[in-house]
Amino acid sequence: STLSAGIAWNRQQQRYSLTFQAAPWLETTFSYSGFDLSPTEDTFDRQFDIKIRLWEESLYIPEVAVGLQDFLGTGIFAGEYVVASKRIGPLDLSLGVGWGRLAARSVASNPLSQINDGFRTREIDVGEGGEVNFGQFFRGEDIGVFGGVSYDTPIDGLRFVAEYDSDRNNLVEDIDDNPFNFGLIYDVTPGVQLGAS
C-alpha cells in the first residue's frame, strides 16, 4: 500500500510518474512524458508499467522480478525485463536482461528465439495506446543487459548510485550516449527524496 510520485527531467524529456505498490509482489506505475520531436513540436505520451516480484530475497538468493514497460501505452517506451537484486551490507546490487527499448545496447541474441523462432521478430508499431500488444512481449533479435549499484554512504540518508543503462534513451536521433549514469540521492525527510545524476 505504498504510493509515490516522481518528477524527472533530462535533455530530451520530462517525466511525471505515480507508482502504487498494491501488494508486496506487485508494483504499477502510470507516467506522463513530454519530449521534443523537433524544434517546433512537443509531444506528450502516457505509459503504464507493471512489475511482479517472482520471489523474495533471502540470505543467499537474490530477489527476482519481471516487468513490462509501456505495455498499455503507445509503445514508444515499450520494453520487458527480468531483474535480480541483492543487498550486501551497504550495497544494493541489481542486474537484469531487457527486450524492446531495453535491448537498444544489444549484447546477445534473444535466447527465447531458440525455443520459438517467433521470438526473433518484434513488431514496432507505435499506436494510440489503450491496447495490450501481446505480440511484442520478450521479442526482438537481441537482448540488452543493465545493472546498478546503490551505496549507503556513512552520511545518514545519503546514497551514491551508479548504473549501466541498456536503453539508449533517444527518441528521435540515433545518439550513442554514455550508458553509465552516476548520482546521489538524499532522504530529506521520511517520504521525501532529492536526487541529482
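1. Salt bridges. The model contains 7 salt bridges, a salt bridge being a side-chain nitrogen of Lys or Arg within 4 Å of a carboxyl oxygen of Asp or Glu. This is a predicted model, in which local features need pLDDT of at least 70 and side-chain atom pairs count only at pLDDT 80 or more, while totals for chains, interfaces and linings use all residues. Residues are numbered from 1 along each chain as its sequence is written, and side-chain values use heavy atoms, with hydrogens and water left out.

2. Lys86 and Glu57. One of the salt bridges joins Lys86 to Glu57, with the closest N and O atoms 3.2 Å apart. Lys86 is in strand β6 (residues 79-88) and Glu57 is in the loop between β4 (41-55) and β5 (63-69), so the pair ties together parts that are 29 residues apart in sequence. Lys86 counts as buried because its relative accessibility is 17%; Glu57, at 31%, counts as partly exposed. The classes are buried under 20% relative accessible area, exposed over 50% and partly exposed in between, with a 1.4 Å probe and protein chains only.

3. Arg101 and Asp167. The side chains of these two residues form a salt bridge at 3.0 Å, N to O. Arg101 lies in the loop between β7 and β8, and Asp167 in the loop between β10 and β11 (180-189); the two are 66 residues apart, and the pair links distant parts of the chain. Both Arg101 and Asp167 are buried.

4. Arg120 and Asp117. Here too a salt bridge is present, with the closest N and O atoms 3.0 Å apart. Arg120 is partly exposed, with a relative accessible area of 33%, whereas Asp117 is exposed at 52% relative accessibility.

5. Leu102. This residue lies in the loop between β7 (91-100) and β8 (106-109). Its relative accessible area is 8%, so Leu102 is buried. Leaving aside neighbours within four places in sequence, Leu102 is in contact with Gln69, Glu80, Tyr81, Gly144, Phe146, Ser166 and Asp167, where contact means heavy atoms within 4.5 Å. Leu102 and Gly144 are 42 residues apart in sequence, and their C-alpha atoms are 5.8 Å apart.

6. Nonpolar cores. A nonpolar core is a set of buried Ala, Val, Leu, Ile, Met, Phe, Trp, Tyr and Cys residues joined through side-chain atoms within 4.5 Å. The largest one has 9 residues, among them Trp99, Phe138 and Ile143. A second, separate core of 5 residues includes Tyr81, Val83, Leu102 and Phe146. Not counting residues up to four places away in sequence, Trp99 touches residues including Tyr81, Phe138 and Ile143.

7. Thr153. Thr153 sits in the loop between β9 (142-152) and β10 (158-164). It counts as buried because its relative accessibility is 17%. A polar atom of the Thr153 side chain lies 2.8 Å from the backbone oxygen of Leu158. Residues up to four places away in sequence aside, Thr153 touches Leu158, Arg159 and Phe160.

8. Whole chain. The protein chain has 0 helices and 12 strands; helices (H or I, at least four residues) and strands (E, at least two) are DSSP runs, numbered from the N terminus. Of its 197 residues, 31% count as buried. Among contacts with a separation of 6 or more, 42% come from residues 24 or more positions apart. The chain exposes about 12200 Å², of which carbon and sulfur atoms supply 58%; accessible areas come from the Shrake-Rupley method with a 1.4 Å probe, and for residues only the protein chains shown count as cover.

How values were computed. A polar contact is a pair of N or O atoms within 3.5 Å; within protein, one must be able to donate a hydrogen and the other to accept it, and residues adjacent in sequence count only if both atoms are side-chain atoms.
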